[in-house]
Amino acid sequence: MSRRRSSGVMARAIAHVMTGVLVLAAVWLAGLFWYAADVPRSSPGGADAERPTDAIVVLTGGSHRLGTGLELLAAGRAKKLFVSGVYDGVDVQELLKLSRRSPTEMECCITLGYSADSTIGNAYETADWMRDQGFRSLRLVTANYHMRRSLLELSMAMPDVELVPYPVVAPTVHLDDWWMWPGTANLLINEYNKLLVVGLRWTVRRVIRD
């Protein structure tokens with residue numbers, strides 16, 4: 001092969017690689033904007049918000065999540081509340097005091113999980129608790145931007161349990177013109193990339209099972 005022909009083959013190969021990279025980047029960017037647009041802007045209402053489930057599950061890690069879970073429990077939306085991913089040393093009474101609720105008001109109906117330190121850990125910790133309780137449905141309370149990935153993780157850990165999302169709007173996350181807010185943009189990009197990884201795992205599991 002002549003040097004000129006070899007250079008031509010190399011140039012075409014590089015062009016194909018660059019085209020592929022640009023296509024992938026465009027698809028990734030389009031997906032990011034779709035994900036950001038799909039993040040709930042408000043807590044749910046209507047029949048889904050009113051109907052009871054066996055349990056309420058709160059994933060720790062953001063403001064207002066525990067308070068929302070306690071309000072749902074007090075409103076009779078479930079029999080019990082499970083808080084996943086609690087720091088060691090924290091007990092129910094301390095959490096209730098931090099949420100400005102009387103420890104005697106609902107302490108009997110709350111269980112804390114201490115083993116999870118990630119969303120996948122939340123899923124398996126919750127699955128173990130749901131199995132022990134014999135529950136078949138749960139209302140999931142977590143941040144709005146975190147909900148889609150959390151539902152995927154929980155659905156893989158307990159495919160036979162009904163999951164009802166109850167997203168909590170994070171006041172520090174600016175979803176309108178989010179690309180103008182560096183903190184929000186970084187949060188959404190990181191969460192979107194994690195969602196892609198979880199989505200790939202979910203797809204592989206489906207293919208293997210089918």
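User: Which helices and strands each supply at least two residues of the lining of the largest cavity?

Analyst: Rolling a probe the size of a water molecule over the atoms shows where empty space is left. In this predicted model, the elements that each supply at least two residues of that lining are the helices α3 (65-74) and α4 (92-98), together with the strands β2 (80-84) and β3 (110-113). The most comes from α4, which gives three residues.

User: How many cavities of 30 Å³ or more does the structure hold, and what volume has the largest cavity?

Analyst: The structure holds one cavity of 30 Å³ or more, and the volume of the largest cavity is about 30 Å³.

User: What classes of residue make up the lining of the largest cavity?

Analyst: The lining has nine nonpolar residues, with no polar and no charged ones; among the residues that line the largest cavity are Leu66, Leu81, Val92 and Ile110.

User: Which residue has a positive phi although it is not a glycine, and where is Asp177 found?

Analyst: Most residues other than glycine have a negative phi, and most peptide bonds are trans. Here Asp177, which is not a glycine, has a positive phi of about 55°, and Asp177 is found in the loop between β5 (162-168) and α8 (182-209). With a relative accessible area of 45%, Asp177 is partly exposed.

User: Which residues does UniProt list for "transmembrane region", and how far apart do the end C-alpha atoms of residues 12-35 lie?

Analyst: An unreviewed UniProt entry lists residues 12-35 under that name. In the model, the span of residues 12-35 is 100% helix and 0% strand, and its end C-alpha atoms lie 34 Å apart.

How values were computed: Residues numbered from 1 in each chain as written. Predicted model: local features only at pLDDT ≥ 70, side-chain atom pairs only at ≥ 80, totals over all residues. Heavy atoms only, no water. UniProt positions renumbered as here; feature names shortened; annotations may be inferred. Helix = DSSP H or I, 4+ residues; strand = E, 2+ residues; numbered from the N terminus. 1 Å grid on protein atoms, 1.4 Å probe; cavity = no way out; pocket = protein on both sides within 12 Å on 5 of 7 lines; lining within 4 Å. Points joined across faces, edges and corners; volume = space filled by probe spheres on them. Nonpolar A, V, L, I, M, F, W, Y, C, P; charged D, E, K, R; others polar. Buried < 20%, exposed > 50% of the residue type's maximum accessible area, 1.4 Å probe, protein only.
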